[in-house]
Amino acid sequence: MKRLVFAALVLAGWCGAAQAMPVLVREPVVCDVTPRGFSVAWVTDKAAEPSLTVYDAQGADVTGLFTQTAFPGLSGSEAMGWARSAGMMKARVEGLAPNTVYSFKCKTVFGSETLVWPEGAPVTVRTAGSAEVQDAALAPGANDLFHFQVFRPDMSTPARGSLVLCQAPGAAHPVTAYVGDGSAGDGAEPGYVVLDLNNLYSAATGKTLWLDAGLVLTLRALRGNGAMGDELLHYRKLDPQSHTAALSTPKKGFFADLNCDGAVNLLDAALYTGGWGESQGDARYNPDYDMNGDHVVNQADNGVFTPQYGRSEPFQ
Ligand SMILES: [Ca+2]
Ligand SMILES: [Ca+2]
């Protein structure tokens with residue numbers, strides 16, 4: 001009997017430990033790579049603390065040589081609590097040398113438990129080469145700040161603490177930003193997120209990536225580990241009319257050209273059918289696919305999408 005009780009206690013202890021270990025909901029992504037630093041973003045099932053172990057090209061642990069920030073940009077704010085509770089992890093390292101290879105592992109600390117990713121060799125990252133200042137007056141479209149809104153599935157409550165990953169063609173890594181409290185600006189735009197496109201660097205040259213007007217950005221809204229909804233995919237075209245480096249609202253493509261590539265075809269149909277049957281309030285509901293504006297993606301939208309199928313630019 002004693003032995004049975006002991007076994008039960010050991011089992012209970014083991015189960016407790018197993019339950020406490022944080023689990024990855026989304027694998028880490030390298031982002032916001034500049035000449036002097038990089039970030040890594042990932043999603044865990046629990047409110048935890050993110051950090052990075054950094055190695056030099058020879059594999060030596062050089063973490064202590066650099067400045068590191070958990071939840072960069074949110075430090076000490078209410079939004080940091082929202083990001084943490086959503087499992088929306090991000091850690092940033094600064095003070096690195098330009099155009100230099102480092103590697104890293106991600107640590108997720110929850111109480112006495114620490115999850116290390118990856119289990120094997122660390123992940124390699126090369127810092128960007130150089131930042132070039134772009135003359136916005138000469139470059140319509142320009143590198144710019146870019147704003148976007150992210151909501152919970154009800155499409156009205158800001159998905160605070162979510163993270164948006166923004167990737168451009170030719171960029172080495174995406175840029176990211178957390179969704180704040182909606183009080184940035186005049187407070188009229190809840191779920192507001194601001195992405196700095198100046199931090200996009202070319203995969204080919206390592207230098208600042210020049211963005212042309214009409215370029216299509218791919219946005220992934222990582223809404224944490226469930227409470228704020230699933231991850232959503234959006235495409236947005238840079239405003240061809242923008243001639244300034246001021247905050248701008250990028251234009252969505254023609255409504256049925258969901259991936260903004262200038263044609264309504266099988267690629268758009270695949271996106272659309274992937275979101276079919278979802279309605280406002282559902283974790284996977286993507287308002288981009290609601291073509292008639294009734295907050296549900298269903299048969300009624302087929303009637304709007306199908307006549308557009310096969311069309312291409314210019315749509316007007
Ligand atoms: Ca398309
Ligand atoms: Ca609809």
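Guide: The chain holds 4 helices and 14 strands, where helices (H or I, at least four residues) and strands (E, at least two) are DSSP runs numbered from the N terminus. This is a predicted model, in which local features need pLDDT of at least 70 and side-chain atom pairs count only at pLDDT 80 or more, while totals for chains, interfaces and linings use all residues. Residues are numbered from 1 along each chain as its sequence is written, and chains are lettered from A and ligands numbered from 1 in the order in which they are written.

Visitor: What is the mean pLDDT of the chain, and where does pLDDT stay under 50?

Guide: On pLDDT, the predictor's confidence in each residue from 0 to 100, the chain has a mean of 86, and 84% of its residues reach 70 or more. The value stays under 50 over residues 135-141, for which the model has 16 contacts beyond four places in sequence, a contact being two residues whose C-beta atoms, placed from the backbone, lie within 7 Å. It also stays under 50 over residues 243-247, with 7 such contacts. Where pLDDT is low, the predicted coordinates should not be read in detail.

Visitor: Why is aspartate 32 called buried?

Guide: A residue is buried if 20 or more other C-beta atoms lie within 10 Å of its own, exposed if 12 or fewer, and partly exposed in between, with C-beta atoms placed from the backbone. Aspartate 32 has 24 other C-beta atoms within 10 Å, and is therefore buried. In the chain of 316 residues, buried residues make up 36%.

Visitor: Is asparagine 99 buried, exposed or partly exposed, and what is the case for glycine 120?

Guide: Asparagine 99 has 13 other C-beta atoms within 10 Å, so it is partly exposed. Glycine 120 has 7 within that distance and is therefore exposed. Glycine 120 sits in the loop between strand 7 (113-117) and strand 8 (123-126), and its C-alpha atom is separated by 9.3 Å from that of lysine 105, which is 15 residues apart from it along the chain.

Visitor: What makes the backbone at aspartate 32 and asparagine 99 worth a remark?

Guide: Most residues other than glycine have a negative phi, and most peptide bonds are trans. Aspartate 32, in the loop between strand 1 (24-31) and strand 2 (37-44), has a positive phi of about 50°. Asparagine 99, in the loop between strand 5 (88-94) and strand 6 (101-110), likewise has a positive phi, near 50°.

Visitor: Why do strand 11 and strand 14 count as edges?

Guide: The open sheet has 4 strands in the order 11-10-13-14, with antiparallel pairing. Strand 11 (175-178) and strand 14 (232-237) each have a single partner strand, so one side of each is left without a neighbour in the sheet.

Technical notes: Two strands pair if DSSP finds at least two bridges between them.
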